[in-house]
Amino acid sequence: MKLFDKKWRVALVVVAVIAASGFVIEHFAGINPISAAVNSVLSPIKNGFSYIAQSISNGVDFVWEMRAYKEDNEKLAAANADLKRRNRDIEAYREENARLQELLELKNSLDSLDTVAARVISYSGTNNCEFIELGKGSLSGIAEGDTVITPDGVVGKVTEAGPAYSIVKTILAPSAAVGIRVTRTGGTGLAEGDDDLAKEQQCKVSFLDRTTTMIVGDQIETSGSGGIYPPGLAVGSIVSISADSSGGLNHAVVEPAVDIDRLGEVLVIKGN
Amino acid sequence: MRIVKLGVWVLVLYLLQTVFGRLISIYGAVPSLIAAFSVMFSFLAPDDKEAAYITVIAAVLAGSCAGHSFPFEVLLIGAGSVAARGLAGYFKHIPRLLRLMVIVMVFTALLITGGYYIANRSINVNTLLYVLLPQLIYTMACALVMYPFMMRTLFKKTEKRLLVI
């Protein structure tokens, strides 16, 4: 019988000796020298293959978790969109808050005047910001002829006051006129709207005193003449000057201090 | 050439069981590939000497990754391989693969149960059902997969043709 062939007897003896010696030496020395030798010899090979195993494991894990990654990604994208929307809202609130704060400061600075804050609800669709509509009207005490301003300067005056709305003619409108004064020199004149300049969100200064000198960059403000606008409100700055044939000043183009096409809240000075 | 093939077989199985064990594990069960190979080779090998060498090498390799169960693993693989070799000549009316699988099953059951007991000094029904049984089934499945590859690479019969001039 093959079971007891010489070669198998030798193999069994070898195996038994290895097992017994391993057991005895480990029992007394605390380490199995055969295991240690085998592991020492094979550890560099195992070490090399462990990198491959790790790479495969990472790849398998990645594929296995792809669905979870996808779901996480979708959730994160939705959360990101929500956060962006909130961020935009917060930014809008912050800008509105800053505008209202400035408006409040202006209102406080005009404590001798009766004022009411109003929101711009629409622009006239047929011309160049020559008319705007406010969300408050006569029920809030607004009346025709009231001055409309912002912390930056003059906007215009109320031409129609409904119960809950008001129409404001801005300083860009051709029929608008504001008595002005050059801040640097004190020279006076009249700021008027002009159809051509209104397209560029500009107006002009004319009827200037011939002794008035003016340079590009000069700031102009309301003079208070005519009694419509209180004196000292910023109107804008000079961007160009043209002269007549005699060399005298003809008119100057003004860039309004107020960004009229981007108005949010304004202050209406009542009953001035 | 045959030695190289045998070396590759043993090394690949050793690496699969040790380095790639986590990758090939199914619910924590890692098959006892080296032990199964040793028993199958002893059963199938035509040469006693070759089978004896493989038994010793496989026993030492399997024992070296068994920790404190080293003597048990070495002895059991040795005994299992000798028993498989001895039984190869009996019950020839039963298909060879079936005989081989029965031997692998019995031997692996003894190996993993004994190894677990020696390592943990305790064993219960839950452990048998949920830890050792899956490992046994997995090892047998691997043995079934290994069998045709072993037959093709290690025991392929070379046809002898008569050259007629």
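This is a predicted model: local features need pLDDT of at least 70, side-chain atom pairs count only at pLDDT 80 or more; totals for chains, interfaces and linings use all residues.
1. **Extent of the interface.** Chain B meets chain A through 32 residues, and 32 residues of chain A are in contact in return. The two chains bury about 2600 Å² between them. Carbon and sulfur atoms account for 78% of that area. Asp48(B), Phe70(B) and Val82(B) stand out: they supply 20% of the area that chain B buries against chain A, more than any other three residues.

2. **Polar links across the interface.** How many salt bridges does the rule find across the interface of chain B and chain A? The count is zero. Polar contact is found for two residue pairs, both at pLDDT 80 or more.

3. **Which parts of chain B touch chain A.** Four helices of chain B each give two or more residues to this side: H1 (2-18), H2 (21-24), H4 (48-64) and H5 (70-87). H5(B) gives the most, with 11 residues. By type, the residues on the chain B side divide into 19 nonpolar, nine polar and four charged.

4. **Helix H7 of chain B.** This helix runs over residues 125-153, 29 residues in total. From first C-alpha to last, H7(B) reaches 40 Å. That is close to the 42 Å expected at 1.5 Å a residue. Even so, H7(B) is bent, by about 40 degrees at Leu132(B). At the start of H7(B), look at Asn124(B): one of its side-chain oxygens comes to within 3.2 Å of the backbone nitrogen of Asn126(B).

5. **Two positive phi values.** Most residues other than glycine have a negative phi. Two loop residues here are worth a check. Gln201(A) has a phi near 60 degrees. Gln201(A) sits in the loop between helix H4 (195-198) and strand E8 (203-206) of chain A. Phe91(B), also not a glycine, has a positive phi of about 50 degrees. Its loop lies between H5 and helix H6 (96-120) of chain B.

6. **Salt bridges.** Over all chains, a search of the whole structure finds 13 salt bridges. One pairs the side chains of Arg86(A) and Asp82(A), at 3.3 Å from N to O. Where do Arg86(A) and Asp82(A) lie? Both are in helix H3 (residues 66-109) of chain A, four residues apart, about one turn of the helix. An α-helix has 3.6 residues a turn, so residues three or four places apart point the same way.

Notes:
Residues are numbered from 1 along each chain as its sequence is written. Chains are lettered from A and ligands numbered from 1 in the order in which they are written. Side-chain values use heavy atoms; hydrogens and water are left out. Contact means heavy atoms within 4.5 Å. Buried area is the accessible area (1.4 Å probe) that two parts lose on being put together, summed over both. A salt bridge is a side-chain nitrogen of Lys or Arg within 4 Å of a carboxyl oxygen of Asp or Glu. A polar contact is a pair of N or O atoms within 3.5 Å; within protein, one must be able to donate a hydrogen and the other to accept it, and residues adjacent in sequence count only if both atoms are side-chain atoms. Ala, Val, Leu, Ile, Met, Phe, Trp, Tyr, Cys and Pro count as nonpolar, Asp, Glu, Lys and Arg as charged, and the others, Gly among them, as polar. The expected span of a helix is 1.5 Å times one less than its number of residues. The bend at a residue is the angle between axes fitted to the seven residues ending there and the seven starting there.
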